[in-house]
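Work through these exercises with the structure open. Try each task before you read its solution.

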Amino acid sequence: MDGIKYAVFTEKSIRLLGNNKYTSNVESGSTRTEIKHWIELFFGVKVIAMNSHRLPGKGRRMGPIMGHTMHYRHMIITLQPGYSIPPLIEKRT
């Protein structure tokens, strides 16, 4: 599970949860088959489809030097009907 960074929770990703689609950011060097295997093995679900695109790193300035953050890959994972991934972050009381 080293390749999966974190789940993404935006308006669009929450709307996609109704269609059994989950959104996460993964390492840019990870392949689609690796991510699919990790998700099926770790969560015990069946993956139908995976859509991905690479996002560029953002520019960051430290004084006169301009740098950038690492780029990453954005994945939308579609599961078979009847399967779901439990919430990754639980609220503690």
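The exercises below concern a predicted model.

**Exercise 1. Find the order of the strands in the open sheet, and say which strands stand at the edges.**

Solution. 
- Step 1: The open sheet has 4 of them, in the order S1-S2-S6-S3, with antiparallel pairing.
- Step 2: Look at the ends of that order. S1 (4-7) and S3 are the edge strands. Each has a single partner strand, so one side of each lacks a neighbour in the sheet.
- Step 3: From one strand to the next, it averages 30°.
- Step 4: Place the helix. H2 packs on the sheet and touches S1, S2, S3 and S6. The direction of H2 makes about 130° with that of S3.

**Exercise 2. Work out how many bridges join S6 to S2, and how many pair S6 with S3.**

Solution. 
- Step 1: Take S2 (residues 21-26). It runs antiparallel to S6, and 6 bridges join the two.
- Step 2: Check residue pairs on this side. Tyr22 has Ile77 as its bridge partner in S6. Thr23 has Ile76.
- Step 3: Turn to S3 (residues 47-55). S3 and S6 pair over 8 bridges, again in the antiparallel sense.
- Step 4: His74 in S6 stands opposite His53.

**Exercise 3. Decide whether Thr78 is buried or exposed, and list what it touches.**

Solution. 
- Step 1: Locate the residue. Thr78 lies in strand S6, which spans residues 72-79.
- Step 2: Apply the cut-off. Buried means under 20% relative accessible area. Thr78 has 15%, so it is buried.
- Step 3: List the contacts. Leaving out residues up to four places away in sequence, Thr78 touches Asn20, Lys21, Lys46, Val47, Ile48 and Ala49.
- Step 4: In S6, 7 of the 8 residues are buried, so the strand is largely enclosed by the rest of the structure.

**Exercise 4. Identify which element gives the most residues to the largest nonpolar core.**

Solution. 
- Step 1: Collect the members. The largest nonpolar core has 12 residues: Ile4, Tyr22, Val26, Ile35, Ile39, Val45, Val47, Met50, Met75, Ile77, Leu79 and Ile85.
- Step 2: Sort by element. S2, helix H2 (32-43), S3 and S6 each give two or more residues to this core.
- Step 3: Pick the top contributor. S6 gives the most, with 3 residues.
- Step 4: Follow one member. Beyond its neighbours within four places in sequence, Tyr22 is in contact with Leu17, Met75, Ile76, Ile77, Leu79, Ser84 and Ile85.

Definitions and conventions. Residues are numbered from 1 along each chain as its sequence is written. This is a predicted model: local features need pLDDT of at least 70, side-chain atom pairs count only at pLDDT 80 or more; totals for chains, interfaces and linings use all residues. Side-chain values use heavy atoms; hydrogens and water are left out. Buried means under 20% relative accessible area, exposed over 50%, partly exposed in between (1.4 Å probe, protein chains only). Contact means heavy atoms within 4.5 Å. Two strands pair if DSSP finds at least two bridges between them. A nonpolar core is a set of buried Ala, Val, Leu, Ile, Met, Phe, Trp, Tyr and Cys residues joined through side-chain atoms within 4.5 Å. Axes are lines fitted to C-alpha atoms, for helices over the stretch in contact, and angles run from 0 to 180 degrees between N-to-C directions.
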